[in-house]
Amino acid sequence: MLNYLDVDSFVEDVIVSGKPWASKVPEVLASSHVFICAHANRDKRCGVCGPVLIEKFEEEIETRGLKDQVFVRACSHIKGHRYAGNIIIFSPDAEGKNCWYGFVSLDDVLEMLDQHIGKREIVDRLWRG
């Protein structure tokens with residue numbers, strides 16, 4: 001796991017120099033991670049949409065007993081505030097189906113949990129890349 005003390009060496013070794021990160025053991029992705037743009041400085045849309053989407057995801061994750069399997073976090077600008085709510089989902093064994101979604105609304109949260117996270121199927125109508 002990367003901690004704040006390792007950031008400088010990680011950036012220099014891995015990002016800048018392209019070396020394998022030999023100082024640490026790679027962490028295996030064992031759960032789904034949902035990153036929701038909640039950035040409000042460039043455009044208020046994500047700042048308005050993001051927090052309520054986070055709350056809805058957390059509520060549904062709790063209701064479904066997925067607290068140890070799906071983690072939701074706010075993130076900053078991921079580009080395209082006109083597509084708010086913007087979310088990125090990383091899941092284990094996604095086979096190239098880690099996705100960026102836009103125009104996600106509260107009504108879409110159940111579908112995201114069922115289809116993308118549950119079945120590992122892309123939600124085509126919201127897919128951005």
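User: Which strands does α3 lie across, and at about what angle does α3 run to β3?

Analyst: In this predicted model, α3 lies across β1, β2, β3 and β4 and runs at about 40° to β3. Axes are lines fitted to C-alpha atoms, for helices over the stretch in contact (heavy atoms within 4.5 Å), with angles from 0 to 180 degrees between N-to-C directions. Helices (H or I, at least four residues) and strands (E, at least two) are DSSP runs numbered from the N terminus.

User: What is the strand order in the sheet?

Analyst: The open sheet of 4 strands has the order β2-β1-β3-β4, with mixed pairing; strands pair if DSSP finds at least two bridges between them.

User: Why is one side of β2 and of β4 left without a neighbour in the sheet?

Analyst: Both stand at the edges with a single partner strand each, so one side of each has no neighbour there.

User: How many bridges join β1 to β2?

Analyst: There are 6, and the two strands run parallel. S32 has V70 in β2 as its bridge partner.

User: Which residues have the most contacts inside the largest nonpolar core?

Analyst: They are V34, I36, F57, I87, Y101 and M112, in a core of 20 residues. Such a core is a set of buried (under 20% relative accessible area, 1.4 Å probe, protein chains only) Ala, Val, Leu, Ile, Met, Phe, Trp, Tyr and Cys residues joined through side-chain atoms within 4.5 Å. Elements giving two or more residues to this core include α2 (44-63) and α3 (109-119).

User: What does a second core include?

Analyst: That separate core of 6 residues includes C37, C46, I78 and A84.

User: Which conventions apply to numbering, pLDDT and side-chain values?

Analyst: Residues are numbered from 1 along each chain as its sequence is written, and side-chain values use heavy atoms, leaving out hydrogens and water. Local features need pLDDT of at least 70 and side-chain atom pairs count only at pLDDT 80 or more, while totals for chains, interfaces and linings use all residues.

Methods: Buried means under 20% relative accessible area, exposed over 50%, partly exposed in between (1.4 Å probe, protein chains only).
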